[in-house]
Each structure stands twice: as structure tokens, then as C-alpha cells.
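I opened a notebook page for this protein and went through it one topic at a time. The entries follow in the order I looked things up.

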Amino acid sequence: MGCCSGRCTLIFLCTIQLLVALERQVFDFLGYQWAPILANFFHIIIVILGLFGTIQYRPRYIVVYTVWMALWVAWNVFIICYYLDVGDLTKDSDLLTFNISAHHSWWSEHGPGCVRREMTQPGVGTVDSQSYISVMGCLMEYQYIEVLHSGTQILIALLGFVYACYVFSAITEEEDSCLRK
């Protein structure tokens, strides 16, 4: 295979996927979003496996990567539906935190242009007390930032799926031609 082959493109796509997934993982950790943290963790492991399979000509690893890309697209479609309140899904639920905390997307308070104001409750003066947080002036609502993240993940995953299928067929074709000689 040449330098600008599908294999090199898949290596590039896996590298981009790792960078985007790590960025997403950081912001999910900041928002205590446990379901996305677990999904991102598995995604990072499978992308590394796909990267290894592509570099080492391991078709089985590429198949695992390809199947995961289909599941990853489905997960990100779910995230988009969740943040856009499609059907019975609502972004105000604690579904992504496994109902163990009331945390939400980090972007809801720290989005571009957002101004945060903490208002303490009267009569409660302890440091650990909960305060009401008012967020105003955001340039983009947090749910749209989350949708953009998921949309980017879907685009890269679809490209990865296509190139993984191509690389898998190229590798198995090479193996078949070597066996025939």
C-alpha cells in the first residue's frame, strides 16, 4: 500500500478520533456525566485497537473497530436526541449521570460568552451550602454545543467506518493474493 492509501487515511482518522474523544472526555468529567464518560472510555480503547489493527495489518481488530463505529454513531444520535428533547428524552433529566447526582453538562454554565452569577440562599452561610446559579448572555446554548460535539463524532465515525471497510477488504485481498502464489 502506498503512503496516501486508505490505510494512512484510517490512521489519520483514528488519531483525530482520539483527540476529539479526549477533548470530549475532559468536558464530560467536568460535568460529572457518567454515562458519556464510560462510553468515551470504551470508544478510546476501541479506537486505539483499530489504530493498532491498521498499523499491524490485523483485520480482526479492524472489524471490531468497524462494528464499534456503527454503535458509536447510534450513541451519538441518542445524545443528539437527548439534548434536543426528542420524544420522551429531556436534557433536564439525570439520565446521563445514572440518576446518582444532579450534575449536568459543563457547557450549561461555562459556554462561550456565558456570565455566571451565584446567589446564596438567605440564612445559609456555610461554605458547603448549595447556591442557585444564574447563567446569562451565552452566545450559544449548551445543548447546541453538545449537539455539535456529537455531530462531529458522527461525521468522523462514518468516515472511519468507510475507510475501515476499505482497509479490511484491501488487507484480506492482499492475504488472498499471497496465498494463491
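**Burial.** I began with burial: 38% of the 181 residues of the protein count as buried. The model is a predicted one, and I kept that in mind for every entry below.

**Confidence.** I looked up the mean pLDDT of the protein and found 87. I also noted that 86% of its residues reach 70 or more. Where is confidence lowest, and where is it highest? The lowest mean, 73, belongs to strand E2 (residues 132-136). The highest, 96, belongs to helix H3 (residues 59-83). I wrote a reminder beside this: where pLDDT is low, the predicted coordinates should not be read in detail.

**Elements.** I listed five helices and two strands in the protein. Read from the N terminus, their order is α-α-α-α-β-β-α.

**Record.** I checked UniProt, where an unreviewed entry lists residues 34-55, 62-85 and 154-172 under "transmembrane region". I then compared two of these ranges with the model. Residues 34-55 are 100% helix and 0% strand, and the C-alpha atoms at the ends of that range are 32 Å apart. Residues 62-85 are 92% helix and 0% strand, with end C-alpha atoms 34 Å apart.

**Helix H2.** Helix H2 covers residues 34-55. I tested its length: at 1.5 Å a residue, its 22 residues should span 32 Å, and its end C-alpha atoms are 32 Å apart, so the two values agree. For the expected span I took 1.5 Å times one less than the number of residues.

**Surface patch.** Which residues form a nonpolar patch on the surface? I found Leu 38, Phe 41, Phe 42, Ile 45, Phe 98 and Ile 100, with about 620 Å² of accessible area together. Ile 45 sits in helix H2. Its relative accessibility is 41%, so Ile 45 counts as partly exposed, as the range for that class lies between 20% and 50%.

**After H2.** I followed the chain past H2 and came to Tyr 57, whose phi is positive. The angle is about 55°, although Tyr 57 is not a glycine. Tyr 57 lies in the loop between H2 and H3. At 33% relative accessibility, Tyr 57 is partly exposed.

**Asp 85.** I looked for this residue in the loop between H3 and helix H4 (107-110) and found it there. Asp 85 is not a glycine either, yet its phi is positive, near 55°. Its relative accessible area is 31%, so Asp 85 counts as partly exposed.

**Salt bridge.** How many salt bridges does the count come to? I got one. The partners are Lys 91 and Asp 85, whose side chains meet at 2.6 Å, N to O; the cut-off for a salt bridge is 4 Å. Is Lys 91 buried or exposed? At 19% relative accessibility, Lys 91 counts as buried, because buried means under 20%.

**Pro 112.** My last entry concerns the loop between H4 and strand E1 (115-119), where Pro 112 is found. Pro 112 has a relative accessible area of 36%, so I put it down as partly exposed. I then checked Pro 112 against Met 140, 28 residues apart from it along the chain. The C-alpha atoms of Pro 112 and Met 140 are separated by 6.7 Å.

Notes: Residues are numbered from 1 along each chain as its sequence is written. This is a predicted model: local features need pLDDT of at least 70, side-chain atom pairs count only at pLDDT 80 or more; totals for chains, interfaces and linings use all residues. Side-chain values use heavy atoms; hydrogens and water are left out. pLDDT is the predictor's confidence in each residue, from 0 to 100. Helices (H or I, at least four residues) and strands (E, at least two) are DSSP runs, numbered from the N terminus. Patches are made of residues with over 30% relative accessible area and no salt bridge: like charges are joined within 9 Å, nonpolar side chains (Val, Leu, Ile, Met, Phe, Trp, Tyr) within 5 Å. Accessible areas come from the Shrake-Rupley method with a 1.4 Å probe; for residues, only the protein chains shown count as cover. Buried means under 20% relative accessible area, exposed over 50%, partly exposed in between (1.4 Å probe, protein chains only). UniProt positions are given in the numbering used here, feature names are shortened, and annotations may be inferred rather than shown by experiment.
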